[in-house]
2 protein chains.
Amino acid sequence: MAEISLHRPYPAGEVRAWDFETEVAVIGFGAAGACAAIEAADAGARVMLFERNSGSGGASGLSGGEIYIGGGGGTDAQRAAGFEDTTEDFTAYLKAAGGPCVDEAKCELYGREALGHYAWLKAQGVPYRGNYLPGKHIEPADDSTLIWSGSEAAAPFCTMAKPAPRGHVIQHMGWGGGRPLVDVLEASARAKGVEVMTDSRALALVQDGERIVGVIVRIDNQPRFVRAAKGVVLATGGFVFNETMRRKYCPDSFRLNDPIGDKDDGAGIELGLGAGGDAVHMEQFFTTCPWTMPESHAYGVFVNTAGQRFINEDCYHGRVSRCAVDQPGGKVYLLLDNAHFVQPMDFARLSIAGTGDSWDEVEAELEMPAGTLSATMAVYNREARLGRDPLFGKREPILVPLDQGPFIALELNFATSYFSFFTLGGLRTSIDGEVLDRGGAPIPGLYAAGRCTSGLPAWGHGYSSGLSLADCTFFGRQAGRRAARG
Amino acid sequence: MAEISLHRPYPAGEVRAWDFETEVAVIGFGAAGACAAIEAADAGARVMLFERNSGSGGASGLSGGEIYIGGGGGTDAQRAAGFEDTTEDFTAYLKAAGGPCVDEAKCELYGREALGHYAWLKAQGVPYRGNYLPGKHIEPADDSTLIWSGSEAAAPFCTMAKPAPRGHVIQHMGWGGGRPLVDVLEASARAKGVEVMTDSRALALVQDGERIVGVIVRIDNQPRFVRAAKGVVLATGGFVFNETMRRKYCPDSFRLNDPIGDKDDGAGIELGLGAGGDAVHMEQFFTTCPWTMPESHAYGVFVNTAGQRFINEDCYHGRVSRCAVDQPGGKVYLLLDNAHFVQPMDFARLSIAGTGDSWDEVEAELEMPAGTLSATMAVYNREARLGRDPLFGKREPILVPLDQGPFIALELNFATSYFSFFTLGGLRTSIDGEVLDRGGAPIPGLYAAGRCTSGLPAWGHGYSSGLSLADCTFFGRQAGRRAARG
């Protein structure tokens with residue numbers, strides 16, 4: 001009997017009997033898997049969905065439920081707030097945020113179809129209040145729909161595409177919209193006849209010649225053989241909780257200690273690679289430290305341990321955080337003046353590293369050489385008073401001089417502060433969700449979506465909230481629809 | 001008939017007739033392939049070596065022929081110059097230079113055995129004059145043996161391991177020791193009966209069950225089937241000339257425009273992955289711009305477009321260059337004073353971006369805000385006069401104040417200056433050169449060495465001259481010896 005392994009498909013010829021027969025088998029019940037299942041069922045396929053845990057959710061269920069949507073003149077929420085968002089601007093931002101060698105075809109397809117995707121989400125039952133919440137938020141504290149969720153209005157992105165807020169959040173009071181979002185998608189999937197098997201961990205794909213024809217799942221500690229006549233959709237998430245994979249593919253992530261997700265173990269990536277797939281952008285990860293809370297801290301200035309600024313701080317908090325983690329010295333400082341300092345949130349685990357009545361005093365308390373941090377702040381304040389930041393292009397209204405002492409430096413320590421992170425690399429897929437081999441040809445019968453693939457959020461430095469869920473839900477749908485075609 | 005593809009092994013059952021039969025087939029005739037062939041032959045195996053080009057060389061032949069060697073109390077050249085180099089220090093440096101998640105077992109093995117490897121190289125006929133050439137050199141301009149070729153004496157490396165020069169260069173007048181090095185290795189291989197086939201490009205591996213049993217090579221435009229009873233050793237180099245692979249695995253390399261190597265197309269990596277191998281550190285690349293020539297330029301100070309320093313400039317030129325390429329703005333400036341400026345080498349394609357009688361004037365000419373570059377240089381000069389660099393840890397004798405005007409800023413532009421680069425990522429192999437699958441098990445009959453693998457030089461920011469050839473030659477030997485065991 002052949003070995004059952006994540007690392008290579010099991011030969012169909014050695015399957016003695018199929019325990020389950022379906023047309024499309026979806027692995028993983030986060031947003032990507034749910035959307036794939038819904039579309040496959042809508043296309044007329046019989047669908048079984050296998051989830052390792054006892055219920056739906058995945059990393060999506062732990063998220064804010066924010067989806068990056070725009071283009072086509074704008075969504076209802078964008079237009080109501082006066083933001084006309086063209087497809088060209090939206091697509092240009094997706095490409096800029098996706099970083100070097102992003103999958104441009106995916107950006108272009110989603111750029112054209114995001115409005116239709118928004119309508120589809122609503123048709124599944126996802127509620128949107130339709131309003132715009134101004135300001136700088138990680139997630140809306142109320143049930144608002146639309147927030148700024150990226151670096152659209154910040155340099156250099158604002159020079160590449162006309163800015164608009166595009167983070168669309170399910171109507172839900174407070175943080176944590178991901179759970180109700182998945183609930184709606186789960187309900188839709190079940191209503192369409194998707195058969196959900198929980199406590200069912202995928203162990204191996206089953207291959208017949210070139211074609212993936214099924215999957216082996218562990219149920220009640222037994223391997224069960226699932227025939228999937230039309231195909232298997234992998235939607236198992238990233239690999240942030242798989243230290244072996246991170247060591248091999250994402251070494252820089254070891255600067256940080258707070259992986260987030262639903263025990264994402266990279267199983268789908270391993271399954272896809274074992275079937276001849278290709279994995280790209282594997283070194284990329286998202287990270288953020290919630291430094292913009294309280295909101296007045298968004299007006300702060302970041303310096304590294306050499307007292308140097310390194311970013312326009314009006315960028316998305318995750319971009320700022322990711323650039324921070326590139327700085328030497330294991331930490332950065334968030335500089336605030338009396339007008340903007342409020343006690344930081346406990347959960348961010350920031351500490352007060354220095355204070356003073358002048359920036360010279362702060363500099364000395366941080367044991368930086370004279371003329372470093374103080375020179376940085378002299379230039380910053382002088383230019384900010386003129387409404388400009390010639391070094392990094394920070395813009396008003398976030399651009400304000402920090403000149404009302406006393407002053408304070410908060411330490412964001414990569415090892416001890418709360419820098420949550422998850423991986424962005426994964427299987428290379430076509431715009432239809434087909435898993436591609438290294439030559440670029442689809443592997444028959446194998447599809448994937450979400451963070452076990454590389455998609456719209458391909459670059460940690462450009463990540464914007466909602467990009468991953470946009471990718472999961474939209475390309476999950478493509479994968480499900482394509483799988484149903486067989 | 002099965003398809004002949006780099007991306008998947010050809011089934012042995014479909015081979016009608018073998019055109020060649022050997023025990024060990026080595027693919028690629030750079031230093032790694034040569035050393036693999038020598039050791040396999042020495043172990044008693046019949047060996048055929050297939051090279052795509054009309055002669056030996058590969059990227060090794062284009063290199064300086066420098067091999068990173070130390071430990072064990074020091075080589076003859078090290079000891080003669082008064083450097084006692086312990087295995088502990090040597091190994092610690094290998095690990096530090098190898099960067100996050102380097103293969104520690106490879107560092108430890110080479111750390112213990114480098115002195116023996118040096119003796120082996122001599123036994124093959126590689127001549128070493130045995131002397132030490134002080135100073136800062138990219139390669140010796142004469143026929144000296146030993147130079148500083150890394151960041152050993154610079155922070156933070158000097159705090160992790162006692163520094164010693166370890167770049168050992170073949171006795172050869174002037175630059176370009178790689179060609180004579182490969183010539184010696186080729187002569188040794190041929191003397192040991194290795195059968196060399198040139199103009200022979202590898203097209204596919206041949207697999208029988210789990211085992212790699214041969215290779216298909218194109219000779220005279222025909223596929224020829226080579227049976228390799230004991231195994232195949234891949235030694236085909238990196239993928240710097242394969243833009244498709246770079247786009248997928250090494251996007252940041254597109255900041256630069258001067259790939260170096262021997263048309264390294266990643267074929268061995270594709271062959272290994274197709275056989276179930278694993279590729280790691282694929283995003284890593286070495287780069288350098290020859291900014292330390294003329295040597296007085298080594299005393300310069302680097303700033304980015306914000307007028308900020310970013311590195312202790314006494315590091316290895318490649319580490320400085322790699323960190324430069326991380327800076328925003330597409331370029332950095334090398335600042336020099338009248339005491340150190342000499343017209344730069346034409347081939348470096350540097351330009352004079354600004355001059356002045358004070359650093360304020362240079363700052364203004366570079367259109368930087370007042371108080372940026374000038375403040376940087378005020379701190380730098382003040383501290384350098386005290387013999388210290390509290391920000392980046394640059395050390396004497398390279399640490400000198402730049403205060404004798406007129407002053408000059410040379411522009412190193414990532415797109416237009418000469419930033420040569422090559423890739424560092426590749427197949428994951430055991431310390432014996434076995435190609436490992438994603439689960440960490442050896443793929444029977446398949447071995448690899450050199451830049452189609454990931455080895456000692458796993459981190460562009462820590463690269464030191466001689467690390468790649470040390471890896472190629474030493475782990476090439478391990479792969480050849482292991483392959484000969486069958």
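A residue is classed as buried if 20 or more other C-beta atoms, placed from the backbone, lie within 10 Å of its own, as exposed if 12 or fewer do, and as partly exposed in between. The model is predicted, so that local features require pLDDT of at least 70 and side-chain atom pairs pLDDT 80 or more, whereas totals for chains, interfaces and linings use all residues. Residues are numbered from 1 along each chain as its sequence is written, and chains are lettered from A in the order in which they are written.

Strand 14 of chain A (residues 301–304) is covered on both faces, with A:Val301 and A:Val303 buried on one side and A:Phe302 and A:Asn304 buried on the other; strands (E, at least two residues) and helices (H or I, at least four) are DSSP runs numbered from the N terminus. Strand 14 of chain A pairs with strand 15 of chain A (residues 331–337) in the antiparallel sense over four bridges, pairing requiring at least two DSSP bridges. Within this pair, A:Val303 has A:Tyr333 as its bridge partner.

By automatic or database assignment, chain A comprises domain 1 (1–288 + 420–486) and domain 2 (290–413). Contact, defined by C-beta atoms placed from the backbone and lying within 7 Å, links 18 residues of domain 1 of chain A with 18 residues of domain 2 of chain A.

Between the chains, 31 residues of chain A are in contact with 31 residues of chain B. Helix 12 of chain A provides the largest share of the chain A side, four residues.

Note on methods:
Two residues are in contact if their C-beta atoms, placed from the backbone, lie within 7 Å.
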